[in-house]
Amino acid sequence: MALLLQLGWQRYLYQLHKKPLRTKALTSAMIASISDIVAQRIISGGYRNWRRTLAMAIYGFLWNGPSAHFWQMFMQPIAWHVETPAEQPATCSVHELCDSGPRGQDALLPT
């Protein structure tokens with residue numbers, strides 16, 4: 001079993017290196033789908049709405065995965081470069097602000 005997981009992980013990393021945008025989009029779609037299925041089971045006690053799950057998968061594939069890919073490419077030369085330990089707190093602050101936004105993850109939730 002461990003060998004199978006290791007092989008799967010190696011193939012995933014290979015695809016991530018070979019075709020990063022496609023791999024990130026598919027990964028995001030899969031995670032969004034699984035998250036929605038788990039959320040539906042917790043909230044209503046069962047899986048009820050496949051259209052909602054499909055919408056979340058499409059959102060993950062078309063928006064979340066690609067936008068995170070390009071955002072990281074944009075931010076990498078700006079904020080991910082730390083030369084000394086004294087610069088680490090500032091870099092962590094930039095990470096938090098840029099990755100979560102000024103209001104954090106709650107900014108994405110409806111009020």
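Helices (H or I, at least four residues) and strands (E, at least two) are DSSP runs, numbered from the N terminus. With that in hand, welcome to the structure above. It is a predicted model, in which local features need pLDDT of at least 70 and side-chain atom pairs count only at pLDDT 80 or more, while totals for chains, interfaces and linings use all residues. Residues are numbered from 1 along each chain as its sequence is written, and side-chain values use heavy atoms, with hydrogens and water left out.

Let us start with the overall plan. The protein chain has four helices and zero strands, so that reading along the sequence gives the pattern α-α-α-α. Of the 111 residues of the protein chain, 18% count as buried; buried means under 20% relative accessible area, exposed means over 50%, and partly exposed lies in between (1.4 Å probe, protein chains only). The accessible surface of the protein chain is about 8,900 Å², and carbon and sulfur atoms account for 67% of that surface. Such areas come from the Shrake-Rupley method with a 1.4 Å probe, and for residues only the protein chains shown count as cover. A contact means heavy atoms within 4.5 Å. Among contacts in the protein chain between residues at least 6 apart in sequence, 39% join residues at least 24 apart.

How confident is the prediction? The guide here is pLDDT, the predictor's confidence in each residue, from 0 to 100. The protein chain has a mean pLDDT of 83, with 74% of its residues at 70 or more.

Now look at helix H2, where serine 33 has its place. Serine 33 is buried because its relative accessible area is 16%. Leaving aside neighbours within four places in sequence, serine 33 is in contact with Thr53 and Ala57. Serine 33 and methionine 56 are 23 residues apart in sequence, and their C-alpha atoms are 6.0 Å apart in space.

The structure holds one salt bridge. Its partners are arginine 52 and aspartate 36, with their closest N and O atoms 2.6 Å apart. This pair links distant parts of the chain, since arginine 52 is in helix H3 and aspartate 36 in helix H2, 16 residues apart.

At 8% relative accessibility, histidine 69 counts as buried. Apart from neighbours within four places in sequence, histidine 69 is in contact with Pro20, Leu21 and Lys24.

Tryptophan 50 is also placed in helix H3, and this residue is exposed, with a relative accessible area of 52%. Tryptophan 50 is one of the members of a nonpolar patch on the surface, which includes Leu26, Tyr47 and Met56 and has about 1,000 Å² of accessible area together. Patches are made of residues with over 30% relative accessible area and no salt bridge; like charges are joined within 9 Å, and nonpolar side chains (Val, Leu, Ile, Met, Phe, Trp, Tyr) within 5 Å. Helix H3 gives the patch its largest share, eight residues.

Finally, turn to the aromatic rings. Rings of Phe, Tyr and Trp (its six-membered ring) pair if their centres lie within 6.5 Å; planes under 30 degrees apart count as stacked, over 60 as edge-to-face and the rest as tilted. By this rule the count comes to two aromatic pairs. Tryptophan 9 and tyrosine 12 are stacked, because their ring centres are 5.6 Å apart and their planes are at 25°. These two residues are three apart in helix H1 (residues 2-18), so about one helical turn separates tryptophan 9 from tyrosine 12. Tryptophan 9 is exposed, with a relative accessible area of 51%, and tyrosine 12 is partly exposed, at 28%. The rings of tryptophan 71 and phenylalanine 74 have centres 5.6 Å apart and planes at 40°, so that pair is tilted. Tryptophan 71 and phenylalanine 74 are likewise three residues apart, in helix H3 (residues 50-79), and about one helical turn separates them.

Terms used:
Salt bridge = Lys/Arg side-chain N within 4 Å of Asp/Glu carboxyl O.
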